[in-house]
Amino acid sequence: MIEPDNLLSANDLGVWVGPTQLIGAIDLTVVAGEWVSVIGPNGAGKTTLLRALAGITPYFGSVRVAGLEVSAASPRALAHRLALVVQSPIVPERITVRDLVLLGRTAHLGWLQSEGRHDHWLVDRMLARLALEPLAARDVATLSGGELQRVLLARALVQEPQLLLLDEPTSALDLGHQMEVLDLVDQLRREHGVTVVSTMHDLSLAGEFADRLVLLDRGRIARQGPPTEVLEADLVERIYRTPVTVLPPDPAQGRHGPVVLQRRPVRPSRPQDR
Amino acid sequence: MSTRARLRPTPVLVCATSVVVAALIGAALGPVWIAPDRILVWLVDQLPWVDLNPTDPLTAVEQVILLKVRLPRVVLGAVVGALLAGCGAAFQGVFRNPLADPYLLGAAAGAGLGAVTAITLGLASALVPVFAFVGSIAAVTVAWLIGSRRHSANPTTSLVLAGVAVAAFLGAIQSFLLQQHADQLQQVWAWMMGRLVVAGWSQVWTIIPYAIVTTVVLIGGRRILDVLAVGDDEARTLGLDPRKARIVLVLAATLGTAAAVSAAGLIGFVGLVVPHLVRLVLGGSYRVIVPLALLLGATVLVVADVLARMVMAPAEIPIGVVTAFLGAPFFAMLLARGRT
């Protein structure tokens with residue numbers, strides 16, 4: 001049997017902060033072109049896992065991206081392979097949208113080198129693709145949450161990575177902008193052949209867009225697989241400690257993944273109701 | 001607002017012109033007035049293949065005053081000012097801290113202790129700058145060794161705190177030495193409040209190699225300062241090793257600061273205010289801030305030296321007093337207007 005072309009493989013991955021183990025014994029493979037979404041309740045270790053995969057948080061075990069061991073790689077070599085869009089970015093003061101996107105070319109430039117024609121062409125192309133051209137001269141501080149998310153995506157994509165890591169890409173967005181950003185990521189990964197690993201809170205959106213889900217519980221993988229196998233009511237109820245109803249995918253209604261609805265917990269009747 | 005932060009010709013030309021004008025004024029003013037236009041014509045006339053045949057050339061005495069006294073002082077002031085402002089901009093960028101100045105990691109305290117040690121030991125005055133230079137480099141090195149940890153959650157804060165601790169410790173030793181050698185207090189104070197006293201060009205030539213190294217590294221690294229502005233984690237995922245970048249930039253800025261301090265004593269506010277002034281007018285990109293801060297710093301210190309010489313002539317005010325007297329209210333005004 002021929003092994004699939006794994007772009008990312010993590011083996012026995014663990015992250016400790018002092019005596020506390022935040023995640024442990026994670027085995028994860030991501031095939032090139034796939035979209036894998038990491039889900040789980042607060043504190044499950046989603047962001048920690050993503051940061052370990054990006055080489056920001058030190059880890060035990062092994063993480064390889066495009067054949068390169070992440071902990072041993074230089075930031076420059078790693079940035080050629082993966083880009084990370086963080087949940088709460090630091091936005092420098094008085095920087096324009098175009099200049100922030102241009103920072104995505106850092107890994108392609110030497111210390112004393114300035115951006116060349118190709119770098120500017122790439123930035124212009126990405127600004128146009130993400131409908132950011134009218135905002136190019138705007139101060140980033142004046143953007144809405146959805147606009148900022150698009151700018152960060154543009155910055156990540158001009159890095160020309162093979163793997164795009166997205167930490168809660170929709171957390172600060174309203175319903176309309178959530179769908180807009182995720183649709184955009186989906187289109188871009190198809191256009192650019194980029195592999196996506198994201199963390200997401202919204203289970204229905206995760207199931208709608210990802211090829212595979214990885215459900216984390218207290219730092220360990222509770223289950224991974226296609227959305228229909230992971231988003232099972234019993235499992236979700238047990239891990240999130242809340243009753244849910246899971247509706248099956250309904251392509252006729254435009255739903256390709258299961259929909260997870262939270263139910264009101266059944267409480268004992270109050271004495272006066274008896 | 002333009003889409004790109006680029007170093008445009010107009011601000012460079014304005015700042016470069018301000019340096020030349022300030023230098024001419026600095027060279028013209030003194031007990032003997034030499035008209036700036038005569039200085040300019042004479043200087044241009046000295047260039048190879050230029051023969052202006054001036055109608056009113058400088059006299060031999062004026063040439064001696066210009067070449068041996070005023071020009072070395074003006075050039076030294078310009079270089080020191082440029083270094084302090086450029087290094088201030090670099091420190092503000094590296095530490096993502098608008099209150100950073102070239103003395104953030106203990107350079108001033110180290111230089112102060114070095115100078116006080118040399119003076120209280122009764123060493124030759126020529127050794128004071130050497131001790132100041134060594135003290136400055138040593139203090140920053142110690143602060144770096146204490147505050148720089150590979151996996152610190154907040155490496156810049158650790159470094160700044162280490163700088164505070166080192167400065168406090170060295171300050172205590174300095175105070176003790178001063179208390180034990182109260183008779184040399186005036187000499188020490190004269191050094192600490194900053195002064196541009198030159199004996200020919202020797203001090204200028206001494207500082208020039210450091211100025212060149214610092215300027216080349218800071219100008220070359222100004223794009224890197226923009227990357228560091230997004231924080232260490234994001235900078236790393238963009239492909240920059242923030243720790244290595246900090247080492248190179250802090251090393252260059254420390255060399256420049258130590259050279260400036262050893263040549264002119266402790267001159268405050270130039271390194272803090274000048275980068276803010278550029279930021280206020282031309283935006284937050286270090287591609288613009290660093291080169292223009294270098295130029296504007298030169299202008300500011302040459303003008304401050306003119307004031308130091310002229311306000312109470314024939315007596316001189318320490319130049320550090322002038323920069324603090326003008327810089328502090330200006331900075332307070334920026335803060336009050338919420339523009340920093």
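Student: Hi! How many residue pairs are in polar contact between chain A and chain B?

Tutor: The count between chain A and chain B is 10 residue pairs, both partners being at pLDDT 80 or more. A polar contact is a pair of N or O atoms within 3.5 Å; within protein, one must be able to donate a hydrogen and the other to accept it, and residues adjacent in sequence count only if both atoms are side-chain atoms. This is a predicted model, where local features need pLDDT of at least 70 and side-chain atom pairs count only at pLDDT 80 or more, while totals for chains, interfaces and linings use all residues. Residues are numbered from 1 along each chain as its sequence is written, chains are lettered from A and ligands numbered from 1 in the order in which they are written, and side-chain values use heavy atoms, with hydrogens and water left out.

Student: What area is buried between chain A and chain B?

Tutor: About 2900 Å², with carbon and sulfur atoms giving 58% of that. Pro75(A), Arg94(A) and Trp111(A) supply 26% of the area that chain A buries against chain B, more than any other three residues. Buried area is the accessible area (1.4 Å probe) that two parts lose on being put together, summed over both. In terms of contact (heavy atoms within 4.5 Å), 37 residues of chain A meet 32 residues of chain B.

Student: How many salt bridges are there between chain A and chain B?

Tutor: Three. In one salt bridge, Arg155(A) pairs with Glu234(B), and their closest N and O atoms are 2.6 Å apart. The rule asks for a side-chain nitrogen of Lys or Arg within 4 Å of a carboxyl oxygen of Asp or Glu. Over all chains, the count comes to 23 salt bridges.

Student: Switching topic: what domains does the assignment give for chain A?

Tutor: Domain 1 (6-81 + 161-273) and domain 2 (91-160). Such bounds come from an automatic or database domain assignment. The centres of the two domains, taken over C-alpha atoms, are separated by 26 Å. The area buried between domain 1 and domain 2 of chain A is about 1500 Å², 64% of it from carbon and sulfur atoms.

Student: How many salt bridges does the rule find across that interface of domain 1 and domain 2 of chain A?

Tutor: Two. A salt bridge also joins Glu191(A) and Arg129(A), with the closest N and O atoms 2.7 Å apart. On the side of domain 1 that touches domain 2, H2, strand S7 (163-167) and helix H6 (175-192) of chain A each supply at least two residues.

Student: Is Arg73(B) buried or exposed?

Tutor: Arg73(B) is buried, at a relative accessible area of 10%, whereas Glu316(B) counts as partly exposed at 43%. Buried means under 20% relative accessible area, exposed over 50%, and partly exposed in between (1.4 Å probe, protein chains only).

Student: Last one: what does the side chain of Ser204(A) reach?

Tutor: The backbone nitrogen of Val260(A), at 2.9 Å. Ser204(A) lies in helix H7 (residues 203-209) of chain A and is buried, with a relative accessible area of 17%.

Notes
Helices (H or I, at least four residues) and strands (E, at least two) are DSSP runs, numbered from the N terminus.
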